[in-house]
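This report describes a strand arrangement and a helix packing. The sequence and the model are shown first.

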Amino acid sequence: MVSNILVINCGSSSLKYALVSEKTDELRIQGLAENLGSENARIKGITPTGESFEQNVPNADHEKALTIILNGLADHKPDAIGHRIVHGGTISESVLLTEEALKRIQDAIPLAPLHNPANLLGVKATQTLFPDLPQVGVFDTAFHQSMPAHAYRYAVPKFLYTEHNVRRYGFHGTSHAFVSERGSELAGAKNQGGWLTAHLGNGSSTCAIWNGKSVDTSMGLTPLEGLVMGTRSGDVDPSLHNFIATNLGWDLAKVTKMLNNESGLLGLSGVSNDMRTLMEAADNGNEDAVLAIEVFCYRLAKSLAGVSCGLPKIDGLIFTGGIGENAALIREKTVGYLGNLGFNISKEKNDSLKRGTAGQVDAGTGPQIWVVPTDEEGRIAQETRAVAKV
């Protein structure tokens, strides 16, 4: 029997879904419900017959949207449901979503306040609709549990780690795992050697992977640490909270909101958190947009160079995610800062790479450079199948 896995990736006002079959050549039924809870709520995607659709569902919540989506999949009932969960605290692998597991996800909300509550909304909705199906949590943090202590420990008093689990966890694990495996396979050495991966989107992170295992990554206790992102600051001086509180009178919640929701590309540019909009603004002479792009690329290169310390040698670099797969300018600028590591990009190959396709874009000298479209849904389905045994 061929199993079908329904993959759910739930945001606070959106719900991404995909029905993933074991048959790799079978058309993937997938889509997105967005603007949930508002008059502009809508569902768009690909039907079981391969046609595109868009449906307005004013004021629909997550459960209503899922009900509509699943009615359209009446002839394709899933055998299990896999949920993308951002933070599992100390959960280090994909697990069945028992009451105990759900409590641990709930307890981890302070570590991922923008994500875990939304992830739990998706779990609640599918449990209501499919109470008898196995539900599996696949965690962004799990892939990074192979990091050594010298990479994941903070230099703070030990009791914060032993009693409160304060440590670096890392995120985007399903994406880093997928593209590093796929990229090294395309290079002829599946899960062998040292690879750097850059998952770039509204949320971004880097990872260093040795023989298929994460040895370091840019995100930490929460998804705020690391790179400049769409609205997140990434690394800042830890005393910034104190400086702002003392000089502006802001409380902790206001500073934290600013760093998560009003910073990054949006904060630097004052234009947008969307890289496409920023590149257009930069082309039209907006100096703040130009600076935001340059800071993004420099900090990305700096992070890649930093996590590379965990690798005995560097075989290659892989770009993925919405920005990594589609923005040739960002790849070119970033690699331009990495000449000291021997990277050399081919402008012709880089510029000609078509959207949504994998390809090698280095100039033939130094470590390889690849663009590999990520498939987080496929990876989540694979892990869900293994846990649910379907």
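## Strand pairing and helix packing

Strand S10 and strand S11 (residues 213-217) pair in the antiparallel sense over four bridges; two strands count as paired if DSSP finds at least two bridges between them. Helices (H or I, at least four residues) and strands (E, at least two) are DSSP runs, numbered from the N terminus. The model is predicted, with local features needing pLDDT of at least 70 and side-chain atom pairs pLDDT 80 or more, while totals for chains, interfaces and linings use all residues. Residues are numbered from 1 along each chain as its sequence is written, and side-chain values use heavy atoms, without hydrogens and water.

| Strand pair | Sense | Bridges | Residues between strands |
|---|---|---|---|
| S9 (residues 194-199) and S10 | antiparallel | six bridges | five residues |
| S10 and S11 | antiparallel | four bridges | two residues |

Thr 197 stands opposite Cys 207 in S10, and Trp 210 has Lys 213 of S11 as its bridge partner. In the hairpin of S10 and S11, Asn 211 takes a positive phi near 50°. Of the six residues in S10 (residues 205-210), five are buried (under 20% relative accessible area, with exposed over 50% and partly exposed in between; 1.4 Å probe, protein chains only).

Helix H11 (residues 287-307) packs against helix H13 (residues 328-336) at an angle of about 55°, the axes lying 8 Å apart. Axes are lines fitted to C-alpha atoms, for helices over the stretch in contact, and angles run from 0 to 180 degrees between N-to-C directions. Residues of H11 in the contact (heavy atoms within 4.5 Å) include Phe 296 and Leu 300, and those of H13 include Ile 330.
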